[in-house]
Amino acid sequence: MELLDAMKARRSIRKFKSDPIPESLITQLIESARLAPSGSNIQPTRFVVIKSDEARRQLGQATPLPFVSQAPVVIACCVSTESFGGLGTRMRELMEAGAFTDTPLEKMDTESYAKRNPMDQATAEAYLRLNAAIAIDHITLRAIDLGLGTCWVMMFDQEKVKQILGLGENYNVVALLPVGYPDQNPTSRPRIELSEILLKEV
Ligand SMILES: Cc1cc2nc3c(=O)[nH]c(=O)nc-3n(C[C@H](O)[C@H](O)[C@H](O)COP(=O)(O)O)c2cc1C
């Protein structure tokens with residue numbers, strides 16, 4: 001499917017058929033997230049695939065939205081707060097892959113640049129979520145191609161979800177993504193005009 005067609009066809013789906021999703025499709029969704037870009041290639045996004053009736057039942061108590069746990073699969077999209085620790089390795093990998101060739105980055109000591117320009121905690125958290133959002137949206141678009149529906153969900157109790165999934169303090173859950181075959185066919189949702197989002201050309 002053309003990317004533009006997937007973008008046009010995607011909707012937030014809030015009603016799913018109970019039909020199970022083949023394992024290979026879930027793998028393809030996670031693979032699409034793996035391909036996403038991330039700042040300094042730190043790749044902080046992690047996923048928990050929630051399939052069992054019991055785990056979904058428990059999850060249903062951590063969100064006010066019943067359609068989430070009614071989906072046959074829910075992907076908990078998380079970030080590892082320890083990802084910054086791998087920055088040096090990731091940068092070396094990029095260097096070896098030639099990503100910086102013929103740019104000022106080739107000679108820059110990016111690790112000490114990061115140390116000289118540290119992010120405060122709020123900025124670091126936002127940065128991780130920004131990276132996760134890109135990976136998550138890769139999933140929502142790939143899902144269209146596979147005939148699946150998804151919905152970004154951020155209405156959940158962070159601590160409850162982490163407890164249900166047995167996630168330690170080094171993980172934050174960014175979004176829950178219910179996944180299933182759509183049992184609704186919504187028309188496109190309203191968007192503001194192009195002229196409103198394009199502020200100016202300078
Ligand atoms: C960051 C983000 C958070 C969202 N959180 C929720 C949510 O908690 N519950 C929900 O039902 N939909 C949620 N949505 C879906 C939006 O309501 C939806 O994308 C928007 O209304 C446009 O509809 P569309 O996705 O069908 O185009 C979220 C979407 C995004 C991108």
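The structure is a predicted model, in which local features need pLDDT of at least 70 and side-chain atom pairs count only at pLDDT 80 or more, whereas totals for chains, interfaces and linings use all residues. Residues are numbered from 1 along each chain as its sequence is written, and side-chain values use heavy atoms, with hydrogens and water left out.

The chain has 9 helices and 4 strands, taken as DSSP runs (helices H or I, at least four residues; strands E, at least two) and numbered from the N terminus. Along the sequence these elements follow the pattern α-α-β-α-α-β-α-α-α-β-α-β-α. The span of residues 8–181 is 44% helix and 15% strand, and its end C-alpha atoms lie 18 Å apart.

The 4 strands form an open sheet in the order β1-β2-β4-β3 with antiparallel pairing, two strands being paired if DSSP finds at least two bridges between them. Strands β1 (45–50) and β3 (149–150) stand at the edges, each with a single partner strand, so one side of each is left without a neighbour in the sheet. Strand β2 (residues 73–80) pairs with strand β4 (residues 171–180) over 8 bridges, and cysteine 77 stands opposite alanine 175 in β4. Helix α2 (residues 23–34) packs on the sheet, touching β1, β2 and β4, and its direction makes about 165° with that of β1; axes are lines fitted to C-alpha atoms, for helices over the stretch in contact (heavy atoms within 4.5 Å), and angles run from 0 to 180 degrees between N-to-C directions. Helix α8 (residues 158–165) also touches β1, β2 and β4, with its direction at about 75° to that of β4.

Leaving aside its neighbours within four places in sequence, isoleucine 136 is in contact with Cys77, Trp152, Val174, Ala175 and Leu177.
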